[in-house]
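Thanks for coming, everyone. Please look at the sequence and the structure on the screen, and I will walk you through them.

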Amino acid sequence: MNRFTRAAVLGLVLATAAPLAAEAQSRGDRRENRREYREDRRDDRQDYRRERRDDRRDWRSGEYDNRREFRQDRRDDRRDFREERREDRRDFRRDRRWDRSNRDWWRGRDDFRDYRGVRSGYWYAPSYGYYRVEPRYYNYRWQRGGYLPPAYRGYYVRDPYVYGLGPAPRGYRYVHAGNDIVMIAVATGLIASVLSGAF
């Protein structure tokens, strides 16, 4: 081989080897860079987790105190609300109860909203309205030991407390019978007691 050819081949080998060497060095640098990048990311993640853990710990301790205060406030609010409701009910019942000395005690009550006074041939039952009555019972005076006819047993007193009555015993109900309230045995209609002139 002559000198020129050798020089050309050598030049060609050097020209090809230089980029390969540079590329090999470049690959090594990239590998090193990736390693450093991974380590940095790992460190960042650890720092982030550590900070989150600290934040959660701080939040929990603060939140625990807040929750305790919140529960206490809610408990106090409920207690106040119950007390106010109890007082309101007591006032409402006191103001809206039956009063024998006050003939207009029923005015303004929802269960008497369609009451227009005494109507001949009819009785009125609060919350039920007017209903026809046989003439023989129109001015009838109910007495203990008597019987309320079956046609008039279904007009139950919805809130006995309004009339100053306690709950009826088991098997008995308070019933509107004209202007009276009678306590009857549900099965037979036997009258156990009479509150006359309720309204």
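The protein chain has 1 helix and 5 strands. Helices here are DSSP runs of H or I with at least four residues, strands are runs of E with at least two, and both are numbered from the N terminus. Along the sequence the pattern reads α-β-β-β-β-β.

A word on the source. This is a predicted model, where local features need pLDDT of at least 70, side-chain atom pairs count only at pLDDT 80 or more, and totals for chains, interfaces and linings use all residues. Residues are numbered from 1 along each chain as its sequence is written, and side-chain values use heavy atoms, with hydrogens and water left out.

Now burial. The protein chain has 199 residues, and 23% of them count as buried. Buried means under 20% relative accessible area, exposed means over 50%, and partly exposed is in between, with a 1.4 Å probe and protein chains only.

Next, the cores. In soluble globular proteins, nonpolar side chains tend to be buried together. A nonpolar core is a set of buried Ala, Val, Leu, Ile, Met, Phe, Trp, Tyr and Cys residues joined through side-chain atoms within 4.5 Å. The largest one here has 15 residues, and those with the most contacts inside it are Phe112, Tyr115, Tyr163, Leu165, Tyr174, Ile181 and Phe199. Strand 4 (180-185) and strand 5 (191-195) each supply at least two residues of this core. Another core lies apart from it, with 14 residues, including Tyr137, Tyr152, Tyr155 and Val182.

On to the rings. The whole structure holds 15 aromatic pairs. Rings of Phe, Tyr and Trp (its six-membered ring) pair if their centres lie within 6.5 Å; planes under 30 degrees apart are stacked, over 60 edge-to-face, and the rest tilted.

Take tyrosine 128 and tyrosine 155. Their ring centres are 5.3 Å apart and their planes are at 85°, so this pair is edge-to-face. The two are 27 residues apart and link distant parts of the chain: tyrosine 128 is in the loop between strand 1 (122-125) and strand 2 (129-132), tyrosine 155 in the loop between strand 2 and strand 3 (172-177). Is tyrosine 128 buried or partly exposed? Its relative accessibility is 31%, so tyrosine 128 counts as partly exposed.

Tyrosine 137 and tyrosine 152 also pair edge-to-face, with centres 5.8 Å apart and planes at 80°. Tyrosine 137 counts as buried because its relative accessibility is 13%. Tyrosine 152, at 4%, counts as buried too.

Trp123 brings us to the largest pocket. Among its 23 lining residues, Trp123, Tyr138, Gly178, Asn179 and Asp180 are the closest to its centre. A pocket is an open set of points on a 1 Å grid over the protein atoms alone, where a 1.4 Å probe fits, with protein on both sides within 12 Å along at least five of seven lines; lining residues have an atom within 4 Å of a point. Strand 1 gives the most to this lining, with 3 residues.

Last, one backbone detail. Most residues other than glycine have a negative phi. Serine 127 is not a glycine, yet its phi is positive, about 75°. Serine 127 is in the loop between strand 1 and strand 2, and at 37% relative accessibility it counts as partly exposed.
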